[in-house]
Each structure stands twice: as structure tokens, then as C-alpha cells.
Amino acid sequence: MSDVISAQEENLYDILKNNILDLKLKPGMILSIKNICETYNIGRTPARDVLLQLSKDGLITFLPQRGTMISLIQLETAKNQRFLWECVEKVVLMESMAQRNINVITELELSIQRLEELYRSDQLDNREFLKEDRNFHFIFYKAANREYCYHMLEERTLDYYRVQLLALSDKSMQKKILEQHKEILDAFTSSDSTGLTIAFTRHIHQIISNDIVKQYIELFDTSSHFETKKPSILDMDFLAEAKLHYHL
């Protein structure tokens, strides 16, 4: 955000950004600036400034004579973002393994326990599951003193995040993620660099698939479908309302 910005604008920016990333706001949906202003009690000029910043993040698309749209997920962008994670994290995994200690292993084990609890829960909470999945990976960055790299990747890979969230709408995908985390931990604990690389590569490559694009085609840039109505979108939760189920 700009250095000269009000707390009100910064708050609105964070709220809208989080709602877009968490898929509370549906990709392809038209935003009403009037609705934004009324809901958050903010003027049109600062509201437009926030939307402009979100457009720079790739989360908002301005459509000539149509309005403002929640950006569709750019499939090729998501694949390139995954590539960035893969390239950086392979190095981080090796660095963290060289410096590993019992505290790191304990943190990883606790993360897996939390994932197991989320997986066994009757309520499918893919947002919390993804949050813990990311925490598991962050432990390696922290161990290698590469937190800066992690946060840079997190800020630059927003489409990949939304694809991950979609994929985790299926319980079977959560199970696969959980089992793969265990494989990664086993290889890390055994100082098996080859096994660690193989387990991580398999782990990161399963999320983006043709199946998930077909399942949610209207959410990706391969579709021309946009919402044309003016619903009270700021109070809804697309992911919850849609009751998404991703079938492999």
C-alpha cells in the first residue's frame, strides 16, 4: 500500500484482500462500489484507491462499462507461482535438514497432529487446514533462517493460494496432504535428501490439475462467465454457500 494512506483504507484493503483470498468473494463476481461504501462507511475516493491497489495485486479486474470484478483465477499464473515455491523450497528443505534439531522435528510433529485433528473433524474446514499446511512448510523456512523468502512467496503467489483452497474442499485431498506431510517428515528425520525431494515434489504437484479446473471452470480465466446481478456480496461466503466438493 501507499505510504500515505488512512487507517480506514488500510483496514478495507486487508478485509477485501482476505475475503478474496479466502474465496468468500467469488472469482468473476461484479463488485458494487456503492455497496462497499455503504457497508464499510467509507467514501468513494478511498474505496476506489483500495480497489486500485487490489488490482495491482491481481485480485481485482476493471471491466470497461461493466464495473469492477473479483479477478478470475489465472491458471498459468498459478502454475508459475507453484514453480516459484518449488524452486525455493527445495533449497530451503536441504538447508533446514543440514541445521535440523529436535525442536524443528517436534514442531513438524505438532503441525501434523493439528492437521490430523482438522481432518478428523466432522466439519470440513479447508481454510484452517490450508493455514496449518502452510505453517508446516513455514517451519522449514524458519529453521533455515529464510522467513523473508517465505513471506515474499506468500505475498506473490495469490492465485496459487486460491487454487489450493479449492482443492482442499475435498476430504480425500486433505488426507493425501496429511499423508504426504508424514512422508516429508520421515525423510527429513532420516536425513534422506533424495527421499525428501521426491516426497516434496509429489506433494506440491498434485494441487493444480485439469480435474479441478473442469470442476470449477467458471472460477478460472478459461471461462467468460461473470455475475451480472448486484447481490449483497460483502455479507456472503461463497466457499461456504457453494458447499464445494472437489472430486478427483
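This report covers the helices, salt bridges and selected residues of a predicted model.

## Overall composition

The chain has 248 residues, and 47% of them count as buried. Its secondary structure comes to 12 helices and 3 strands. Among contacts in the chain with a separation of 6 or more, 79% are between residues 24 or more positions apart.

## Helix α5

Helix α5 covers residues 102-120. With 19 residues at 1.5 Å a residue, α5 should span 27 Å, and this agrees with the 27 Å between its end C-alpha atoms. The N-terminal end of α5 is capped by N101, which places a side-chain oxygen 2.9 Å from the backbone nitrogen of N103.

The buried residues of α5 are V104, I105, L108, S111, I112, L115 and E116. Seen down the axis of α5, these buried residues fall within an arc of 145°, so they line one face of the helix. The other side of α5 carries the exposed residues I102, N103, E117 and R120. The cover over the buried residues of α5 includes α6 (126-143) and α9.

## Helix α8

Helix α8 runs over residues 158-167. Of its 10 residues, 10 are buried, so α8 is largely enclosed by the rest of the structure. The buried residues of α8 are L158, D159, Y160, Y161, R162, V163, Q164, L165, L166 and A167.

Two of these residues, D159 and R162, form a salt bridge whose closest N and O atoms are 2.9 Å apart. Both partners lie in α8, 3 residues apart, about one turn of the helix. In general, an α-helix has 3.6 residues a turn, so residues three or four places apart point the same way. R162 has a relative accessibility of 0% and therefore counts as buried. D159 is also buried, because its relative accessible area of 6% is under the 20% cut-off.

## Salt bridges of helix α9

The model contains 10 salt bridges by the rule applied here. Side chains of opposite charge can pair when their charged atoms come close. Within helix α9 (residues 171-189), K182 and E179 are 3 residues apart, about one turn of the helix. Their side chains meet in a salt bridge, with an N to O distance of 3.8 Å. K182 counts as partly exposed at 26% relative accessibility, and E179 is partly exposed with a relative accessible area of 35%. K182 and E179 are also linked with E116 in a network of salt bridges. E116 is one of the buried residues of α5.

A salt bridge also joins the side chains of E183 and R202, at 2.8 Å from N to O. E183 is partly exposed, with a relative accessible area of 35%. R202 counts as partly exposed at 41% relative accessibility.

## Asparagines with positive phi

N41 has a phi near 50°, a positive value in a residue other than glycine. N41 is placed in the loop between α2 (33-40) and α3 (44-56). With a relative accessible area of 67%, N41 is exposed.

N145, which is not a glycine, has a positive phi of about 60°. The loop that holds N145 lies between α6 and α7 (147-156). N145 is exposed, because its relative accessible area of 61% is over the 50% cut-off.

## Cysteines

A disulfide is a covalent bond between the sulfur atoms of two cysteines. A search of the whole structure finds 0 disulfides. C87 counts as partly exposed at 39% relative accessibility. C149 is partly exposed as well, with a relative accessible area of 28%.

Technical notes: Residues are numbered from 1 along each chain as its sequence is written. This is a predicted model: local features need pLDDT of at least 70, side-chain atom pairs count only at pLDDT 80 or more; totals for chains, interfaces and linings use all residues. Side-chain values use heavy atoms; hydrogens and water are left out. A salt bridge is a side-chain nitrogen of Lys or Arg within 4 Å of a carboxyl oxygen of Asp or Glu. Helices (H or I, at least four residues) and strands (E, at least two) are DSSP runs, numbered from the N terminus. Buried means under 20% relative accessible area, exposed over 50%, partly exposed in between (1.4 Å probe, protein chains only). The expected span of a helix is 1.5 Å times one less than its number of residues. The arc is that of the directions from the helix axis to the C-beta atoms. Contact means heavy atoms within 4.5 Å. A polar contact is a pair of N or O atoms within 3.5 Å; within protein, one must be able to donate a hydrogen and the other to accept it, and residues adjacent in sequence count only if both atoms are side-chain atoms. A disulfide is a pair of cysteine sulfur atoms within 2.5 Å.
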